[in-house]
Amino acid sequence: MSFIEKLNSIWEENDSLVCVGLDPDLERFPKSIRDVPDAIFQFNKRIIDATHDLVCAYKPQIAYFSAESAEDQLTKTIQYIQSEYPSIPIILDSKRGDIGSTANKYAVEAFERFKVDAVTINPYMGYDSAEPFLSYQDKGTVLLCRTSNSGASDIQDLIVDGVPLYQKVATLISDKWNYNNNCLLVVGATWPSQMAKVRSLVGDMPFLVPGVGAQGGDIEALVKAGKTANGKGLIISSSRGVIYASGEDDFDSKAREVVLKLRSQINLHRK
Ligand SMILES: O=C(O)c1cc(=O)[nH]c(=O)n1[C@@H]1O[C@H](COP(=O)(O)O)[C@@H](O)[C@H]1O
């Protein structure tokens, strides 16, 4: 099953547009789990077990693993989701982007080493840097368009041929790069008016939407701006707001409570 088919079916199955970001930071772990062997995997496993019926995706961020020399625990986390909850797509957040020959290796890293369903990439080096990812027809390529951070406007809003660069990027990807129907765009939850503009440019292409929870994105505004006509089209991702909902040993049940609330707040505005 392709990434897009998997996404369409989990949106229905779990009635959810919520993605949980797995950004495991040992310093923020409860004492009870910090010193156990494979602490990162054990932490992720408890978050996953507590939320699997409420989400449409998991998004592990590679830096939180590689900074700890813990890529083996990233592999274990991915394999755990795939064996226990195989209908849930996994988006590897690594924001790769490089010349074609190196991008080839990054695509192999994501799709053959880690075997994820989708990966985030930076499109600013152009088509040859994206093509190795796009050529995996059944995988999702999630391209940065208008990011959630405060510096997003520094470059992404520069005017090119009379329009902001992020709109040029959206149109280019939609018109030229999406020939396998496997592109998604990153549009931050913190910018609802820009999101509405991107939606008007790219039809029903799915958006990965980080920036709710810790970064303060407004749920009602983003859902209204970004949803497609069928009330879907969004993968709304929260990391710290979910996984650190409690600093104590009840972190998994508190994470579940946050995801439940997030799912219902989002669903309120989908219709
Ligand atoms: O590609 C991303 O996931 C991403 C894009 C973006 O524009 N903003 C953004 O915050 N992210 C990632 O989404 C996550 C946000 O984490 P929280 O702010 O804790 O929910 C981090 O892993 C970021 O690297």
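**Questions about the model and its ligand shell**

Modeller: Let's start at the ligand: of the 20 residues around it, T147, S148, P210, S239 and R240 come nearest. This is a predicted model, where local features need pLDDT of at least 70, side-chain atom pairs count only at pLDDT 80 or more, and totals for chains, interfaces and linings use all residues. Residues are numbered from 1 along each chain as its sequence is written.

Colleague: Where is K95, and why is it called partly exposed?

Modeller: K95 is found in strand 3 (residues 91-96). A residue is buried if 20 or more other C-beta atoms (placed from the backbone) lie within 10 Å of its own, exposed if 12 or fewer, and partly exposed in between. K95 has 17, so it is partly exposed. The unreviewed UniProt entry annotates K95 as "active site", though such annotations may be inferred rather than shown by experiment; positions follow the numbering used here and feature names are shortened.

Colleague: Which residues is K95 in contact with?

Modeller: Leaving aside neighbours within four places in sequence, T120, I121, N122 and L144. Contact means that the two C-beta atoms, placed from the backbone, lie within 7 Å.

Colleague: What makes A63 exposed?

Modeller: A63 has 12 other C-beta atoms within 10 Å, so it is exposed. A63 is found in helix 4 (residues 63-66). A63 and D93 are 30 residues apart in sequence, and their C-alpha atoms are 8.7 Å apart.

Colleague: How do you know that strand 3 and strand 4 pair?

Modeller: Two strands pair if DSSP finds at least two bridges between them. Strands 3 and 4 have 3 bridges, in the parallel sense, and R96 stands opposite I121 in strand 4. Strand 1 (residues 18-22) and strand 2 are also parallel, over 4 bridges, with Y58 as the bridge partner of V20. Strand 8 (residues 183-187) and strand 9 pair in the parallel sense over 2 bridges.

Colleague: Why do you say both faces of strand 2 are covered?

Modeller: In a regular strand the side chains alternate between the two faces of the sheet. In strand 2 (residues 57-60), A57 and K59 on one side and Y58 and P60 on the other are all buried. In strand 4 (residues 118-121), A118 and T120 point one way and V119 and I121 the other, all of them buried.

Colleague: How do you know that the chain's radius of gyration agrees with a compact globule?

Modeller: Over C-alpha atoms, the globule rule is 2.2 Å times the number of residues to the power 0.38. For 271 residues that gives a value near 18 Å, and the protein chain has 18 Å, so the two agree. Those residues are 48% buried, and the chain has 13 helices and 10 strands.

Note on methods
Near = placed C-beta within 6 Å.
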